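Reader: I have a chain to look over before setting anything up. Can you walk me through it?

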Amino acid sequence: MNPCELPPCPPCPPPSPPPCQQVCHPPPPPPPCRVKPIMRGMLHAQIKRTIASALILAAMGGAAFYFGVRLPKQKAYREYYAKGEFEDWADEMARKGLFQSVPAASLQDNQHAKK
């Protein structure tokens, strides 16, 4: 058979589209929930904060000691020395013989001079 006598060929089908990409790109990450720390100067900021809190606590402790211990003790000493009759107490202790450096004869002379 002659090729010209053959029936015509059916038309060719259109070319198929290129295949879809099977690998999908991942979705973008969600926004961060927490604020990122500031790393630059973080140690310097922490040291300043620590020194400031230490100074404040030291001042509070010093004030508590001053008002809680020193002032009451100072007031007690002031009252003791204001009310104290030290010469009378010393004479009484000397008469009892508690002072080794005071001779008993000198005490009798002072007693007659006072009266």
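Author: What follows is a short talk through the fold, the confidence, the surface and a few side chains.

Author: This is a predicted model, where local features need pLDDT of at least 70, side-chain atom pairs count only at pLDDT 80 or more, and totals for chains, interfaces and linings use all residues. Residues are numbered from 1 along each chain as its sequence is written, and side-chain values use heavy atoms, with hydrogens and water left out.

Reader: How many helices and strands does the protein chain have?

Author: There are 3 helices and 0 strands, and from the N terminus the order is α-α-α. Helices (H or I, at least four residues) and strands (E, at least two) are DSSP runs, numbered from the N terminus.

Reader: Where is confidence lowest, and where is it highest?

Author: Helix H3 (residues 104–114) is lowest, with a mean of 61, and H1 is highest at 96. For the protein chain the mean pLDDT (the predictor's confidence in each residue, from 0 to 100) is 82, and 85% of residues reach 70 or more. Where pLDDT is low, the predicted coordinates should not be read in detail.

Reader: What does UniProt place at residues 50–69?

Author: The unreviewed entry has a "transmembrane region" there; such annotations may be inferred rather than shown by experiment. In the model, residues 50–69 are 100% helix, with their end C-alpha atoms 28 Å apart.

Reader: What percentage of the 115 residues count as buried?

Author: The figure is 3%, where buried means under 20% relative accessible area, exposed over 50%, and partly exposed in between (1.4 Å probe, protein chains only).

Reader: Which residues make the nonpolar surface patch?

Author: Tyr77, Tyr80, Tyr81, Phe86, Trp89, Met93, Leu98 and Phe99 make a patch of about 820 Å². Helix H1 (42–83) and helix H2 (86–95) each give two or more residues to it. Patch members have over 30% relative accessible area and no salt bridge, with like charges joined within 9 Å and nonpolar side chains (Val, Leu, Ile, Met, Phe, Trp, Tyr) within 5 Å. Tyr77, in helix H1, is partly exposed at 48%.

Reader: Which side chains meet in a salt bridge?

Author: Lys96 and Glu92 do, at 3.3 Å, N to O. The criterion is a side-chain nitrogen of Lys or Arg within 4 Å of a carboxyl oxygen of Asp or Glu. Lys96 is exposed at 58%, while Glu92 is partly exposed at 36%.

Reader: And how many disulfides?

Author: The count is 0, taking a disulfide as a pair of cysteine sulfur atoms within 2.5 Å. Cys12 is exposed at 73% relative accessibility, and Cys33 is exposed at 82%.

Terms used: Accessible areas come from the Shrake-Rupley method with a 1.4 Å probe; for residues, only the protein chains shown count as cover.
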